[in-house]
Amino acid sequence: MSKLYKAVVNTADKFVPSQLRPLWEHAAGPKTIFFWAPAFKWALVLTSIDEFRRPLEKVSPTQSATLAATGLIWTRYCLVIKPINYALSLCNFSLGVANGVQFLRAYRYHSLKGGVGKKKVIFKY
């Protein structure tokens with residue numbers, strides 16, 4: 001797989017305009033995983049935002065809390081690694097905020113219904 005990726009990058013390298021060359025050659029640019037990780041992780045953020053359309057009885061507070069914690073923990077990590085990856089940090093922060101809000105909404109709904117803390121809630125998908 002690495003040989004294929006290098007062949008694609010070397011081929012694309014010939015077509016990159018001089019104005020975009022600094023971005024292309026950057027330590028967190030498209031030639032590295034530092035670029036592609038946030039590019040694909042935004043799909044998870046968009047899915048989390050789309051979850052706001054689901055009825056709250058079908059939203060899992062546990063899943064939302066877990067994704068919120070994951071997003072916020074990895075936000076910190078993105079600011080510690082070298083090179084600092086601001087794009088991935090923003091993506092993880094967005095994931096944490098979106099799921100944090102969703103967790104609060106779902107937890108409030110389930111606790112008002114008597115499902116969280118009083119008896120085991122079974123989530124249906």
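A word on helices before you click: helices (H or I, at least four residues) and strands (E, at least two) are DSSP runs, numbered from the N terminus. Residues are numbered from 1 along each chain as its sequence is written, and side-chain values use heavy atoms, with hydrogens and water left out. You're looking at a predicted model, where local features need pLDDT of at least 70 and side-chain atom pairs count only at pLDDT 80 or more, while totals for chains, interfaces and linings use all residues.

Stop 1: Select I33, which lies in helix 3. Is I33 buried or exposed? I33 counts as exposed, at 61% relative accessibility; the scale here is buried under 20% relative accessible area, exposed over 50%, and partly exposed in between (1.4 Å probe, protein chains only).

**Stop 2: salt bridges.** A salt bridge here is a side-chain nitrogen of Lys or Arg within 4 Å of a carboxyl oxygen of Asp or Glu, and the count by that rule is 6. Select D13, R21, E25 and K31, which are linked in a network of salt bridges. D13 pairs with R21, their closest N and O atoms being 2.6 Å apart. D13 also meets K31 in a salt bridge, at 3.9 Å from N to O. D13 lies in helix 1 (residues 2-13) and K31 in the loop between helix 2 (21-25) and helix 3, so this pair ties together parts that are 18 residues apart in sequence. K31 is partly exposed, at 28%, and D13 is partly exposed too, at 22%. For another pair, jump to R54 and E51, where the closest N and O atoms are 3.1 Å apart.

**Stop 3: helix 5.** Select residues 86-112. Helix 5 has 27 residues and reaches 39 Å from its first C-alpha to its last, close to the 39 Å expected (that's 1.5 Å times one less than the number of residues). Its buried residues, including L88, C91, L95 and A98, pack against helix 3 (33-50) and helix 4 (61-78). Just past the end of helix 5, G114 takes a positive phi of about 85 degrees.

Stop 4: Step back to N85, in the loop between helix 4 and helix 5. N85 is buried, with a relative accessible area of 3%. Setting aside neighbours within four places in sequence, N85 is in contact (heavy atoms within 4.5 Å) with F34, P38 and C78.

**Stop 5: the cysteines.** How many disulfides does the structure hold? The tally is 0, a disulfide being a pair of cysteine sulfur atoms within 2.5 Å.
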